[in-house]
Amino acid sequence: MKKRILAGILAASMVGALLTGCGKGASQGTEAAPAQGTEEAAEAAPAAETQEEDATERAQANEIVIGIAQDLDQSLDPHYAVAAGTKEVMFNVFEGLVKYDSNGDTIPAVASEVEVSDDGLVYTFTLRDGVKFHNGDTVDLDDVIYSIQRCKDDPKVNPQTSTGLQCIASLEKDGDNKLVMTLTEPNTELMSLLTLAIIPADYDQQDTAPVGTGPYKYVSRTAQESVELEKFADYWGTPANIDKVTYKINEKAEGLIMGLESGALDLVSHLSSTQVAELNKDNFNIEQGTMNLVQALYLNNEVAPFDNELVRQALCYAIDRQGILDMAFDGYGFLIGSNVFPAFTKYFDDSLTNYYTLETPEAGKEKAKELLAEAGYPDGFDMTITVPSNYTPHCDTAEVIAEQLKEVGINATLNKVEWETWVSDTYAGRNFQSTVIGLTADPLTARSLLERFTTGQRVEDEEGNRGNNFINYNNEEYDALFEQAIKTYDDEEQTKIYKEMEKNLTEHAASVYIQDMADMVAVRKGLTGLTFYPLYVLDVSTLKWE
């Protein structure tokens, strides 16, 4: 079993908030395979052989099929994508002026170079010669200005991106290939923001037939079934190796394993240790990284009893996070204590990891009972944990949490819902008490991870839009720290303030922070080149058949 060395992951310089989940955990098994020699096994053998032949034919045709647990967003417009699963796929279709490499650093993409003035207020980007969109048009300055201005002006765009771009005072052309961007104030996170997708200015079908500049172009999708990409022959950079990539959607975790075993799938990411244990290793290599996300029991701070900080703190003491890893993930995963994950080394504060951990889990439960009594709940209470049913690891985590909370008198009931329902009712509608989900960051900045919990992201604006503060966290000190952070241009001082924001979330128990989950990827033998990034993407351009 090939493992991604943790030290290598932690060395990444930039990582980082979309919604995300992954494969399957301990509480839900797959259907057992027929025993050898049985009538069922005899009947199954020809079908399995046929599927393996199909896999061989795909290799010969230079094609792959990847299994995913979630359909893409209804709109494929890159500036409006919500789900991390959509970003994970469309990473291969779109590029910005710059893009991320496998170390998490920004490198030139549509722009070949950038010059920054000494005062940090003027950025001059030189467009790369001959970059083409997938429709055959050449990228020009009008396309770049349109893309950036759109993300700055439209409130429906990711709030972290739109807000971060407000520092841009002007976008001006200098000749045919230079963009002069003038800022009102320095912005240490600007380059991460400029990974936003460059799209054609005069094209109005991005939601259904997206056009970008990446190594793969979009071909088609069938809702709830598949998405198809094709190698872009006119790509400006290193060409992709695989000619055709098909994503097969199966929201049932056992279906992904069956697809691998049958030969229908060549690669599946975000598998749990239980799924890996069930998989026949003769045909697959298992590679391991991390999800680069924050899995937590997120609490609605406006809804009783979680509007009481003592209650939230009680849950932090009552929940045994290592017990969750041991029960649901075979010990895999990396404990965290706030809304930053370990690979974001610059901002990750390991001193918060065990903030609520006492000598033993039993001591934690006794402390939880004391706090519940002080909060007016000596006999506990009933609560609901809403989880997206297609993300089995989150369901497994919620089930372990429910069992643990019984020991302090809290009766937790799981409400498993479809992903679309979770997005509309839980995330957007905020109609929930608690939920287990994973948050990553888009763009990959500390601001993106932490701004989402400010008051400005909680309340509605004049047009009725609300930001990403779906837990309704409301803390004046936190808001003041954020305002201080974004007005600080000294990198060391800004990092210090962001860490104070992390500590604020932990001290006030905004949620119960659990782990950055291990990411196990099953790759069919003969398929090589899998590259881990310190962000939630799968770069298929590096994959190739031996």
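Tutor: Helices and strands here are DSSP runs, of at least four and at least two residues respectively, numbered from the N terminus. This is a predicted model, and its protein chain has 16 helices and 23 strands.

Student: How many residues does the protein chain have, and what percentage count as buried?

Tutor: Buried means under 20% relative accessible area. Of the 546 residues in the protein chain, 56% count as buried. The chain exposes about 21,700 Å², and 46% of that is supplied by carbon and sulfur atoms.

Student: Let us take one residue. Where is Val-219 placed, and why does Val-219 count as partly exposed?

Tutor: Val-219 lies in strand β10, residues 216-222. Partly exposed is the range between buried, under 20%, and exposed, over 50%. Val-219 has 36% relative accessibility, so it counts as partly exposed.

Student: Which residues is Val-219 in contact with, leaving aside its neighbours within four places in sequence?

Tutor: Contact means heavy atoms within 4.5 Å. With those neighbours set aside, Val-219 contacts Glu-228, Leu-229 and Glu-230. Val-219 and Glu-230 are 11 residues apart along the chain, and their C-alpha atoms are separated by 6.5 Å.

Student: What is the volume of the second largest cavity, and which residues are closest to its centre?

Tutor: A cavity is a set of points where a 1.4 Å probe fits but cannot get out. The second largest cavity has a volume of about 120 Å³. It is lined by 16 residues, of which His-270, Asp-519, Phe-532, Leu-535 and Val-537 are the closest to its centre. The elements giving two or more residues to this lining are β13 (267-271) and β21 (518-524). By class, the lining has 9 nonpolar, 5 polar and 2 charged residues.

Methods. Residues numbered from 1 in each chain as written. Predicted model: local features only at pLDDT ≥ 70, side-chain atom pairs only at ≥ 80, totals over all residues. Heavy atoms only, no water. Buried < 20%, exposed > 50% of the residue type's maximum accessible area, 1.4 Å probe, protein only. 1 Å grid on protein atoms, 1.4 Å probe; cavity = no way out; pocket = protein on both sides within 12 Å on 5 of 7 lines; lining within 4 Å. Points joined across faces, edges and corners; volume = space filled by probe spheres on them. Nonpolar A, V, L, I, M, F, W, Y, C, P; charged D, E, K, R; others polar. Areas by Shrake-Rupley, 256 points an atom, 1.4 Å probe, with all protein chains shown as cover.
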